[in-house]
Amino acid sequence: MDVQRVMEIWDPAGETAGTGYLVADHLVLTAYHNIEHAGSTAARAVEVRRLAPHGEQQAAWAAAEVLWPTQPPDIERDPHSDAALLLITDSGWQPPVSASPVRWGRLPAPSPGAVADRIACVAVGFPQAEERDGTRDTKHIGGRIETLSGLKSGLITAHIDEVATPSAAGGRSSWSGASGAALFCGNLLTGVLTTDRTGNYPGNQLVAVPLATLVGRPGFSTTVRAAGNPLSLEDITTRAGGSTVHGLVTVGEPAATSLERAAVQLREDVLSRARHAVARLGLQRPSLIEISWKGSSRPVQPSQEVLGVVPEDLHGTVTRIPETCRRLPRHQLVVLGGPGTGKSVAAIHLVQDLTENPQPGDPVPVLMPLSSWRPAIPLREWIVRQIRQNSPGLTDRRRFGPDPAARLFAASAVMPVLDGLDELPELLRVRAAEAIDRVIPNGCWLMVTSRATEYEQVCSAGSHLTRAAVVELETVGAKAAITYLRQSKVSGDDRWNPVFDAMRGEPESTPARTMASPLMLYLAQKTYRARLTQPGELASTTRSREEIEDTLLSRYLPAVYTDDPPSRYGENRARRYLALLARQMRRDGTADFAWWQLNAGLTGPLVGLAFGFVWGWFMEVLFGPVLGVLTGLFAGLGGWAAHGLVRAELKQVYVPQRAVHGPKALIRRYRLIGCATALGVTVATGAGVALWLSEVVQAGAPIARYYGAIVGVAFGAATLLGSAWGSYQASRLWFWSTGRLPRRPLPFLEDAHALGVLRQIGAVYQFRNERLLSQLAGSAAEKPSRSVYGDWNDKWRRWRPLLPPFASLAQVGSALVGLALMSMAYYSSTLIGLNYHSGDEPAVRVDGSVCPGVPACPGVPIMSWKLPQGATRRTLWLPDSLNDRSFRKWSGTIEAGGCGGGVVEVRLALAGEAPVAFTVKDSAQALMPELPRPVRPRRRPVSLTLRRVDDRPCSLLVEWTGPGLVDDGLEPARRRLGVDAGAPGSREAGNGR
């Protein structure tokens, strides 16, 4: 019970006095018979007054009206209806500053074999017996509730201690004026006192309407919740001896219910984690740095009427934040600060203090890194998951019942401590603030930390935490810094005196400005702990602040990655790992580090080798080692070049800067994209190779499927290796084998983030201290030249569906270009020239229009004959060397023109072989035909006969463009695969190489 919520009630219409209890800032619960006359007036006006303890000025009466019930009840017939809710309408009303949120309770239902338990209860009222000089005083009403009394009526019977029972006066009830008092069992409001039972018993029994009954009445719960109280009933339990356990756990008492046991387990687990974090960060060696804070003057504060305090008047140090949370009416706080001012330290200290030194009514604080939240998971579910992660033992259903984490949060028994609102992607910060304000109920404790500028931007965007006071951390003052350093040194050690003198004498001195940072102050005491060191050098006028900070930062990693308590990675390993990240960031010219930046020097050659090996091996199988090596070289160079270009432009991953994905989610996403792309390439390549072998090479189906499967799978594997995910895996394994990264880099990054070395924003990490980045990278600080997200301009975004697999597709395309170049070069070597031997010699010219502006272009030769009406022309050639290959077709095209309606018969023949004949009409063009089967010319003459077969009296011009023979370039492949292209059923003839 909070006595500041005890209210006096006055009904002017009926001149009736009573008691009430403030259940929300402007809502009073009382007995209906106290204000039943007001219900008959038009305005339904009553007056209420807050309790003013001795020494305080008497509070003024404030106007109020009956808000519930909306219709006068018949309390004689229905005693459970004797309750009312009053809305305070007075504009001058101010709710009590230190009032705690009201929690609601219900008595246990009787069970078979139950014994008569008595539950301790208490109320505070203004009975007539306490009237002195016309003013009624308060009366402490203490006693016990009989759990087996009133089982039929459902009303509560409270036996009041004899010493607390007033005497009757004037025939009136001895308790007149106490009606409407709130009856509490422990911290839970359980009922409303309405009548006594002096007609049946001595005046030591009071009747109360149970809250469990009122909650079921139409309009009661909605009215209370609309006023800002979540109204969630909690069970009141009893145990041997009649003591009461309420809500969750009263400090110092053993847990009785499954939910209480869950709260105890959670508190123990959270405390263990908090102590470990404090030890790792050295926050209490020797003591916590007293960082001051005060109410923020930025335009980020909720209204004073909502907060119940003047937020700008709040002030204190980080050690006072837990007490501030207790004193705030809403128990909700936002802690702002600049980089390195100690926001996370304040959060850790709050968690440790509230779990190590809990006060009655304190919830269990749970530290939750807000950077891991994404909208795909509702915030309520995310909070419950965080509770489970902090206390894995809560999964024991036998001890804690079903889903204790969710039940604890629903009961406002957990205080979410949300660290790092600023570490969310910019797009998510506003959504997160809205979700927090919506999900965290009124009365639930809350703390959120953020950088000040980022939170101000959230508020400017129209979102803020409407019930949370906002305070801002300040830099460490000289006095606090000196106190901390003095406590850190051994008694009698005067080495720090020059530094203390400089800080006292000149607040803007280099030591004072350096020690204004909690991090630098902590590193200073770590650096100069040994007797042989000279902290006086910090006061030297010849050293700049930057030089001093560089010196102190050299001790930063040893201070963070300690041996006792042991850190997960150790200082030397962590330094190597962080140095690699820093060098990669400097190489790319970025201020952020993303996992796709991890790129070993051998990744590009490895990708090129994979692409080159696939096609080099395939061409070697078909055409021998020379063509295999050349093809592998060109395909590999194409894949390597594309990988290098994509890597140089940071286009391995398409992630807009406003994306909401975290590092883990993005890796999973690109693993799926890489595998899907590789699978698509595998299927397409395998099917294409098999079809080509079957239809063009005329290999049998088993051969086609065999080589199609091998090439498809190998090309798909090369594609996966060249993807963003594949390159990352290859790089991390290489760096792990050389000792420059752990086998799994992401847990290391998460650990560095937890230790405060890095900060996370969306999918990327940043060094919290730019100078530390420069030290690790081995180069001076540079202004970032580009973004880690790559230069995806509007032209690129038009192809948005293709951008996620862009890296893979670019390398696949480049490898295929290399393959195509070699194929074209090989195809050009299959053209066989013709040398004129005899017959009608054609006119020959060269067409250079196929490659305009290219001086060395050989052009395309064209042979032409002129045929008058009825004429015949016959020409013989001898072919060039065939490299012992057959030829399959005549090359080029033949065209007739210059004589309308003219037709010429074309007959091509190789000596000793059946001729091929066809006709070409005027203004028509025909492709030169293939031979029925491959043949070997063996220097036999080749003849062309042209004969006019029309009767048009004009000359017809016949031109052969690109004259020659095309040898069977696939013959070596057929031979190596055992395929006989000239035999019937050749596709089934060969099934092996």
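This report walks through the cores, a helix pair, a barrel and some strands of one predicted model.

Local features here need pLDDT of at least 70 and side-chain atom pairs count only at pLDDT 80 or more, while totals for chains, interfaces and linings use all residues. Residues are numbered from 1 along each chain as its sequence is written, and side-chain values use heavy atoms, with hydrogens and water left out.

**Cores**

Let's start inside. A nonpolar core is a set of buried Ala, Val, Leu, Ile, Met, Phe, Trp, Tyr and Cys residues joined through side-chain atoms within 4.5 Å. Buried means under 20% relative accessible area, exposed over 50%, and partly exposed in between (1.4 Å probe, protein chains only). The largest nonpolar core has 139 residues, and Ile321, Tyr561 and Val757 touch the most other members. Helix α3 (residues 258-281) gives the most to this core, with eight residues. Helices (H or I, at least four residues) and strands (E, at least two) are DSSP runs, numbered from the N terminus.

Which residues does Ile321 touch? Leaving aside residues up to four places away in sequence, they are Trp293, Leu333, Val335, Ala346, Leu350 and Met447. Contact means heavy atoms within 4.5 Å. Another core, of 31 residues, lies apart from this one, and its members include Ala610, Val711, Leu977 and Val979.

**Helices**

Helix α10 (residues 426-439) packs with helix α11 (residues 452-460) at about 70 degrees, their axes 9 Å apart. Axes are lines fitted to C-alpha atoms, for helices over the stretch in contact, and angles run from 0 to 180 degrees between N-to-C directions. α10 and α11 are therefore roughly perpendicular to each other (angles of 65 to 115 degrees get that name, under 35 is roughly parallel, over 145 roughly antiparallel, and the rest oblique). On the α10 side, Arg429, Val430 and Ala433 meet Glu454, Gln457 and Val458 of α11.

Now look at helix α25 (residues 770-777), where Leu772, Leu773, Ser774, Leu776 and Ala777 are buried. Their cover includes α16 (545-553), α17 (556-560), α18 (571-588) and β27 (764-767). After α25 comes glycine 778, with a positive phi near 75 degrees.

**Strands**

Six strands close into a barrel with antiparallel pairing, in the order β1-β2-β3-β6-β5-β4. From one strand to the next, the twist averages 45 degrees. Glutamate 8 lies in strand β1 (residues 6-11). Is glutamate 8 buried or exposed? It counts as buried, because its relative accessibility is 6%. Among the residues that glutamate 8 touches, not counting those up to four places away in sequence, are Gly18, Trp61, Phe126 and Arg136.

Here are some strand pairs; two strands pair if DSSP finds at least two bridges between them.

| Strand | Partner | Sense | Bridges |
|---|---|---|---|
| β2 (residues 16-24) | β3 (residues 27-30) | antiparallel | four bridges |
| β33 (residues 887-890) | β38 (residues 930-935) | antiparallel | two bridges |
| β33 | β41 (residues 965-967) | antiparallel | three bridges |
| β13 | β14 (residues 188-196) | antiparallel | four bridges |

Within these pairs, alanine 24 has leucine 27 in β3 as its bridge partner, lysine 889 stands opposite glutamate 930 in β38, and tryptophan 890 partners leucine 965 in β41.

Strand β13 (residues 182-185) points Ala182 and Phe184 one way and Leu183 and Cys185 the other, and all are buried. Phenylalanine 184 stands opposite leucine 189 in β14. β13 and β14 make a hairpin with two residues between them, and glycine 186 in the turn has a positive phi of about 65 degrees.
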